[in-house]
Amino acid sequence: FFETTGRQAGTGAYTSWLAQGIDRRLADAAVWLCVEHWRSVGQDVRAQQLIGLAWEAGCRHPDVSDGYAGQIAASGRLTDLEAGVDVCDRALARRESSTHEGWARLTSRRNQLAGRADRSRQRPSGKFDENGNPIPLRRHHPDRPRRSRQHRFLEA
């Protein structure tokens, strides 16, 4: 369906279908079925390669986009998390009126990556709230400031 290695990597039925004028949503769904096939037979690496090649070829199926965003953001670096959010945003822009349940998963992935990016911008305090979320340090308000005002009134 998609060659994943060699000179013809990224070519195959998908690009031929698009050239022939087949509906892009149908071609995108066929790519996702191929990814699921590779995963079901234990070829996870080939499935991951296919997801990357499909994205580069223009496939914006919500599950392919979700997988690609996950691949990009896997390192957890801020730039990679932001790139993953960008992938989700570009795919969500092409949603149109589709009711595929993959769009909800893609929106959830986008929110997850955006939250991780926000948390990586802040320094953690080492404390957690009642829901288990880390509490960031307040900027410019340390518990014990280096300088403090003199007391206005003295105790006698």
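Cys-88 has a relative accessibility of 0%, so Cys-88 counts as buried, a label given to residues under 20% relative accessible area, with exposed meaning over 50% and partly exposed the range in between (1.4 Å probe, protein chains only). Keep in mind that the model is predicted: local features need pLDDT of at least 70 and side-chain atom pairs count only at pLDDT 80 or more, while totals for chains, interfaces and linings use all residues. Residues are numbered from 1 along each chain as its sequence is written, and side-chain values use heavy atoms, with hydrogens and water left out.

Cys-34 is buried too, at 13% relative accessible area. What is the count of disulfides? It comes to 0, where a disulfide is a pair of cysteine sulfur atoms within 2.5 Å.

Now step back to the whole chain. The protein chain has 6 helices and 2 strands, and from the N terminus on its elements run α-α-α-α-α-α-β-β. These elements are DSSP runs numbered from the N terminus, helices being H or I with at least four residues and strands being E with at least two. Of the 156 residues in the protein chain, 28% are buried. Among contacts with a separation of 6 or more, 46% join residues 24 or more positions apart; contact here means heavy atoms within 4.5 Å.

Next come the helix pairs. Two packed helices are described by the angle between their axes and the distance between the axes. The axes are lines fitted to C-alpha atoms, for helices over the stretch in contact, and the angles run from 0 to 180 degrees between N-to-C directions.

Helix H2 (residues 24-40) packs with helix H3 (residues 44-57) at an angle of about 160°, and their axes are 7 Å apart. H2 is therefore roughly antiparallel to H3, a term for angles over 145 degrees, with under 35 counting as roughly parallel, 65 to 115 as roughly perpendicular and the rest as oblique. On the H2 side, the residues making the contact include Cys-34, Trp-32 and Trp-38, and on the H3 side they include Leu-50, Ile-51 and Ala-54. By class, this contact of H2 with H3 has 9 nonpolar, 1 polar and 3 charged residues; Ala, Val, Leu, Ile, Met, Phe, Trp, Tyr, Cys and Pro count as nonpolar, Asp, Glu, Lys and Arg as charged, and the others, Gly among them, as polar.

Further along, helix H5 (residues 78-92) and helix H6 (residues 102-121) pack at about 155°, with axes 9 Å apart. That angle makes H5 roughly antiparallel to H6. Cys-88 returns here as one of the H5 residues in the contact, and the H6 residues include Trp-103, Leu-106 and Leu-113. By class, the contact of H5 with H6 has 11 nonpolar, 3 polar and 6 charged residues.

Ser-65 sits in helix H4 (residues 62-72). Is Ser-65 buried or exposed? With a relative accessible area of 0%, Ser-65 is buried. Leaving aside neighbours within four places in sequence, Ser-65 is in contact with Trp-55, Arg-60, Val-87, Ala-91 and Leu-106.

Two loop residues complete the tour. Glu-96, in the loop between H5 and H6, has a positive phi of about 55° although it is not a glycine. Glu-96 counts as exposed because its relative accessibility is 67%. Gln-122 lies in the loop between H6 and strand S1 (124-128), and at 42% relative accessibility Gln-122 is partly exposed. Gln-122 and Leu-137 are 15 residues apart in sequence, and their C-alpha atoms are 7.3 Å apart in space.
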